[in-house]
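Subject: Structure for your files

Hello,

Here is the structure I promised to send over. My notes on it follow below.

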Amino acid sequence: MKKNKFTFFLTDNYAEVYTVYPIIYDLSNRGYQITVFLDENLFFNKKILTKFILIFKELNCELIFSKKINQEQSRIIRIIKEFTNFFFIIHPNRKKLFENKTIFIENSFRTKVSLFVVIYSFFFKNKIFIYDHGSKLVFYVNRYKKRYLFFGKERIYHLSYSKIEEYWIKNNDFNNLVKVGFPIVPNKINKLLTRNEKDESFFLICGRGVGAFINLEEYNFIINSALSSLRKYFKNEKIIYYPHPKERSLKLCKSIINKYENVKIADLNYPSIDYVSRSIGVITILSSIIFLARAFEKKVIEYYPYKHNLKKFHPELNHKTPYSKLGFPSARNVSDLENLIKTEFLNLSHKKKIKSIEFDDFNIEEILKKIN
């Protein structure tokens, strides 16, 4: 019997690696042939990209790369270059990427590559498995998904972490569910750790840059209030701020950080996973790093105080973020944040103890059942 072949498109965020690596690892160990399409623009640091390339090659993955785009150019030029870049890489490699292949791609379908993947998958009749790396989760079908579903919704399978998500996924018109469990497995992704030296103990704040969800004024308030709230209870503990990979506000960020003693910006030569795995506790600002914290069993608080933005971007969640909807400890104002710092980080008793997030154990058997 001929073995199935797989192509993984890593094109939305380099954090996708943490989600798909355990899947690729298990498929490779069972002898399946795997191709990985990597968008180099996601890997803002060459050292991180090189590390991941070596890890994929150890699993005998065939690697196909997009070209680096100059992010300083105007938006219209970047869009044109991205389309031509992806077409002239994907089209000549269409047989390697699509012929007799099962496709994996991040579930938001918001990248330029997504359009090519869906179109080529339609002609090659591929099954598509979509997964979440944390940024959007599964609670709504955004405008990108609506455009793409007519290409063959019956061939699109949604990987779910547990029964927690079942209702929301089905409610958003995805009926082909495949329960894979929680894919971010420390004993597999430990290989992705880079730093060897051990820092002294520290708290980690993982940010989101100025953009759609946060304007300049909001950015100022969020970082300052997160730092001052931590300092209120931990006067001498070291704090590290890890910017979002697409952070374009580093100058402003440094001007805020420099006002505080024993606070520093992370060394971006190293991925966020290195800092999460060694931290005391983590505060995330709409960051998928919350799932890394969960994987490494770190105390984690999600902090985002702007309900009007949540209503705009997640109208169906009733002023909640996707993370708070799943049950992660979530703060919508400074008072909430300080209370959670006390209950989560200081381990004080609390009448309303927050239930820990429970996902099913990771297993690829359901994936294999769908493709065989």
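Strand S11 (residues 281-284) and S12 run parallel and are joined by four bridges; two strands pair if DSSP finds at least two bridges between them. In this pairing Val-282 stands opposite Val-300 in S12. Helices (H or I, at least four residues) and strands (E, at least two) are DSSP runs, numbered from the N terminus. This is a predicted model, in which local features need pLDDT of at least 70 and side-chain atom pairs count only at pLDDT 80 or more, while totals for chains, interfaces and linings use all residues. Residues are numbered from 1 along each chain as its sequence is written, and side-chain values use heavy atoms, with hydrogens and water left out.

Together with helix H12 (residues 289-295), S11 and S12 make a right-handed β-α-β unit. Right-handed here means that, with the strands pointing away from the viewer, the path from the first strand over the helix to the second runs clockwise. S12 is also joined to strand S13 (residues 330-331) by two bridges, again in parallel, and there Glu-302 stands opposite Ser-330. Strand S12 (residues 299-303) is mostly covered, with four of its five residues buried (under 20% relative accessible area; exposed is over 50%, partly exposed in between; 1.4 Å probe, protein chains only).

Next, the aromatic rings. Rings of Phe, Tyr and Trp (its six-membered ring) pair if their centres lie within 6.5 Å; planes under 30 degrees apart count as stacked, over 60 as edge-to-face and the rest as tilted. By this rule there are 32 aromatic pairs. One of them is stacked: the rings of Phe-8 and Phe-104 have centres 4.4 Å apart and planes at 15°. Phe-8 is in strand S1 (residues 5-10) and Phe-104 in strand S4 (residues 101-106), so this pair ties together parts that are 96 residues apart in sequence. Phe-8 counts as buried at 0% relative accessibility, and Phe-104 is buried with a relative accessible area of 0%. Tyr-304 and Tyr-306 form an edge-to-face pair, 5.9 Å centre to centre with 75° between the planes; Tyr-304 and Tyr-306 are both buried. Phe-6, Phe-8, Tyr-32, Phe-104, Phe-129 and Tyr-157 form one aromatic cluster.

Lastly, Asn-41 lies in the loop between strand S2 (33-38) and helix H2 (46-58). The side chain of Asn-41 reaches the backbone oxygen of Lys-67 at 3.2 Å.

Regards

Terms used
Polar contact = N/O pair within 3.5 Å; in protein donor to acceptor, adjacent residues only side chain to side chain.
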